[in-house]
Amino acid sequence: MITLEKIVSLAKRRGIIYPGSDIYGGLANTYDYGPVGVEILRNIKNVWWKFFVQGMDNIVGLDASIISHQKIWEASGHTSGFADAMVDCKNCRSRFRADHLIENQKEDLKVEGLTVEKLSDLIKKFHVKCPNCKKEEWTAVRKFNLLFPVNLGIVEGDKSLAYLRGETAQGIFINFKNIVDSTRVKLPFGIAQIGKSFRNEITLGNFIFRTIEFEQGEIEYFFDPKAENWEKVFEVWKKTMWSFVTKILSVDEKKLRWREHSQEERSFYSTRTEDLEYKFPFGFKELWGLAYRTDYDLKQHMEVSGVDLTIDDPNTGEKITPHVIEPAVGINRLLLMLLMDSYHEDGERVVLKLDPRLAAYKAAVFPLLANKPDLVKKARLIYDDLKEDLNVVWDDRGNIGKRYFAQDEIGTPYCITVDFQSLEDDTVTIRDRDTAKQERIKIGDLGNTLKSKLS
Ligand code: ATP
């Protein structure tokens, strides 16, 4: 059975994910991505970018600054409204998000967006106990702003206050005019961005599910609400997101579902929000949010900046304030889902059955024995040759069984071994991760065989 503990241990053991600031005892809710993890993350971002930006003719990319003007966050409503409801255990002083404490106890109840008073009442009503010390001694629930302020050294006083962005979306809204003026986009069109966001969150410790620093992939899809029916646009986006997760990431459909936000849960400016949820070991949880944000953000920025962010209708010349539909996903959450979804135990062996496109290495190359120069030399030639086109990895430690075991655990689809027969007839064995079966092929055919297997 798959548990979060197994994934955490595998991730650390195999260079996928380490606790942040590890040698100093760790820093809560931060993680570092190791040599294998960083490759998988990069592959996830690449397939996302290829699918949504390069693969669509009306979506363009952006990379906006992380450190951003305080006015952006005033206009967006984050400085006043971007807050979580917190509650402290009086006994052990642990701090929790009130909504998560309640939802943890009552799995199908969604309480996000309720007032602090209502949350306090529910904690009492359900006799919620502290997950840490099991006591039931709570402070009142209060709001806690999630934005990280930063002080810039070059200007004095209040002007030096900036923020680390709490979402990538705002970078898109504030660049709307720049993009309209400098490129050939016309409505409807999307602007996409992948990048880090920061939220001073208190979490329940579900590994990388919720961290204070994380990567988002967000698209703002702008359209003229008179020309386009928003409900139709919304449905098309639902289908597109679903097919990305099931076809491109090859995730099991049975573990996915849509959930619509109730009115209390939705941001006040949103008319509809639905979450694509994945069944994690700790329950069905949000993977990817889809929200109809109306023209709220552009209007806010027009008001606070005084800059005109409307776009001219090419036919009538009329000014349009576009409406927007926003698919927003956490890249690290996609990684966590993929680790869970691809994890298999096959007897003694643990296999990550990752789609080859996402696997850190496409193949591993081994000389059967590390102390036989002829084997090493031949294997090295193959490795150097394959490395020109594919991300391949070399391993000559320990025995061959251990090497297969290690590659299975990080999801390497193929292992190529140079043995004594290779020296005689220029063949190698190629072993398939999922079946553990080996076949023997000519070294000359290796490149093409791998390419066709991987495609
Ligand atoms: P939640 O309700 O879980 O706090 P949210 O609805 O505030 O999330 P959005 O602002 O819609 O999240 O962010 C879009 C996506 O970014 C989420 O679907 C999630 O995948 C990811 N995300 C949000 N917060 C975090 C976090 N603290 N750590 C990791 N990923 C996150």
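Domain bounds here come from an automatic or database domain assignment. On that basis the protein is divided into domain 1 (4-71 + 148-341), domain 2 (83-145) and domain 3 (361-454). The centres of domain 2 and domain 3, taken over C-alpha atoms, are 53 Å apart.

This is a predicted model, in which local features need pLDDT of at least 70, side-chain atom pairs count only at pLDDT 80 or more, and totals for chains, interfaces and linings use all residues. Residues are numbered from 1 along each chain as its sequence is written, and side-chain values use heavy atoms, with hydrogens and water left out.

**Strands and the open sheet**

Helices (H or I, at least four residues) and strands (E, at least two) are DSSP runs, numbered from the N terminus. Two strands pair if DSSP finds at least two bridges between them. Strands of a sheet pair through backbone hydrogen bonds, either parallel or antiparallel.

An open sheet of 3 strands runs in the order β6-β5-β7, with antiparallel pairing. Strands β6 (95-97) and β7 (142-145) stand at the edges with a single partner strand each, so one side of each has no neighbour in the sheet. From one strand to the next, the twist averages 50 degrees. Axes are lines fitted to C-alpha atoms, for helices over the stretch in contact, and angles run from 0 to 180 degrees between N-to-C directions.

Aspartate 88 stands opposite arginine 95 in β6. Helix α5 (residues 98-105) packs on the sheet and touches β5 and β6 (contact means heavy atoms within 4.5 Å). The direction of α5 makes about 75 degrees with that of β6.

| Strand pair | Bridges |
|---|---|
| β5 (residues 83-88) and β6 | 3 bridges |
| β18 (residues 343-346) and β19 | 4 bridges |

The hairpin of β18 and β19 has 2 residues between the strands, and glycine 347 takes a positive phi near 65 degrees. Aspartate 346 stands opposite arginine 349 in β19. From β19 (residues 349-352), Arg349 and Val351 point one way, Val350 and Leu352 the other, and all are buried. Buried means under 20% relative accessible area, exposed over 50%, partly exposed in between (1.4 Å probe, protein chains only).

**Serine 197**

Serine 197 lies in strand β10 (residues 189-198). It is buried, with a relative accessible area of 0%.
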